[in-house]
Amino acid sequence: QAMMGAIAGTGLDNLEDVIAGDATAVNSAAWEFASFFNRVKSRVELFWKPGAEYKRRDPYGMVYGLKDRVTVLLVVLHPDGRLKKLYVMDPCGAPFLDDEAYEAVEQAAPFPNVPHGLRDRKDGLVKFTFHFVVEVGSAPIVRMRRYE
């Protein structure tokens, strides 16, 4: 039952040090590129389906255990939003979950309307990280950060 709860669905944000409640207000007005990252996140979530793979590979939690898993990817885009390169920066210890995250970004690309301000001054590319979080007892989470 714990395994089924860990892979229930997608769409939640992992906000560390924020008390969960019926509603959580987050001030994103200062985050200049929030609309772009929200569009990217929503698009990737359409393709990221860790639950099916987890159920297929380890339905009872006997192989990979009942522990949280986080895959961190570095996404590099061309200025027009096409995917240039994708790196697994930090694998989660369950290779099939890393593959699922990688493939979700590949399938979701391209990401149009990239804000000019996200482009690196040196090479013109756009770089950010994706954190794909599968927590035992919670729904899978997608979290993104601009890569500096």
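Reader: How many helices and strands does the protein chain have?

Author: The protein chain has four helices and four strands. Please keep in mind that this is a predicted model. Read from the N terminus on, the elements follow the order α-α-α-β-β-α-β-β.

Reader: What percentage of the residues in the protein chain is buried?

Author: Of the 148 residues in the protein chain, 41% are buried. Contacts along the sequence may be read as well: among those between residues at least 6 apart in sequence, 69% join residues at least 24 apart.

Reader: How does one describe two packed helices?

Author: Two packed helices are described by the angle between their axes and by the distance between those axes. Let us begin with α2 and α4, which pack at an angle of about 120 degrees with their axes 8 Å apart. The crossing of α2 with α4 is right-handed.

Reader: Which residues make the contact between α2 and α4?

Author: From α2 come Arg43, Val44 and Phe47, and from α4 come Glu100, Ala104, Val105, Gln107 and Ala108.

Reader: At what angle do the axes of α3 and α4 cross?

Author: The axes of helix α3, residues 50–57, and helix α4, residues 95–108, cross at roughly 155 degrees and come within 10 Å. An angle over 145 degrees counts as roughly antiparallel, and α3 and α4 are therefore roughly antiparallel to each other. Their crossing is right-handed. The contact involves Pro50, Glu53, Tyr54 and Arg57 on the α3 side, with Phe96, Leu97 and Glu100 on the α4 side. These residues of the contact of α3 with α4 divide into four nonpolar, no polar and three charged.

Reader: Where do nonpolar side chains tend to be in soluble globular proteins?

Author: In such proteins, nonpolar side chains tend to be buried together. In this model the largest nonpolar core has 23 residues, and those with the most contacts inside it are Phe36, Val44, Val105, Phe111, Phe128 and Phe130. At least two residues of this core are supplied by each of α2 (34–47), β1 (69–77), α4 and β3 (126–134). The largest share, five residues, comes from β3. Apart from this core lies another, of five residues, among them Tyr54, Cys92, Phe96 and Leu97.

Reader: What does Phe36 touch?

Author: Not counting residues up to four places away in sequence, Phe36 touches Leu77, Phe111, Pro112, Asn113, Val114, Pro115, Leu118 and Phe128.

Reader: Which residues does a cis peptide bond join?

Author: A cis peptide bond joins Ala109 and Pro110, with omega at about 5 degrees. Pro110 is placed in the loop between α4 and β3. Asn113 is also placed in the loop between α4 and β3. Although Asn113 is not a glycine, it has a positive phi of about 60 degrees. Its relative accessibility is 63%, and Asn113 therefore counts as exposed.

Reader: Where is Gly81, and what does it touch?

Author: Gly81 is in the loop between β1 and β2 (83–90). With a relative accessibility of 0%, Gly81 counts as buried. Residues up to four places away in sequence being left out, Gly81 touches Pro110, Phe111 and Val114. Gly81 and Leu125 are 44 residues apart along the chain, and their C-alpha atoms are separated by 9.3 Å.

Reader: How many residues apart in sequence are Lys84 and Leu125?

Author: Lys84 and Leu125 are 41 residues apart in sequence and, C-alpha to C-alpha, 8.6 Å apart in space. Lys84 lies in strand β2 and is partly exposed, with a relative accessible area of 46%. Not counting residues up to four places away in sequence, Lys84 touches Val76, Leu77, His78 and Leu125.

Key: Residues are numbered from 1 along each chain as its sequence is written. This is a predicted model: local features need pLDDT of at least 70, side-chain atom pairs count only at pLDDT 80 or more; totals for chains, interfaces and linings use all residues. Side-chain values use heavy atoms; hydrogens and water are left out. Axes are lines fitted to C-alpha atoms, for helices over the stretch in contact, and angles run from 0 to 180 degrees between N-to-C directions. Angles under 35 degrees count as roughly parallel, over 145 as roughly antiparallel, 65 to 115 as roughly perpendicular and the rest as oblique. A crossing is left-handed if the near helix is turned anticlockwise from the far one by less than a right angle, and right-handed if clockwise. Contact means heavy atoms within 4.5 Å. Ala, Val, Leu, Ile, Met, Phe, Trp, Tyr, Cys and Pro count as nonpolar, Asp, Glu, Lys and Arg as charged, and the others, Gly among them, as polar. A nonpolar core is a set of buried Ala, Val, Leu, Ile, Met, Phe, Trp, Tyr and Cys residues joined through side-chain atoms within 4.5 Å. Buried means under 20% relative accessible area, exposed over 50%, partly exposed in between (1.4 Å probe, protein chains only).
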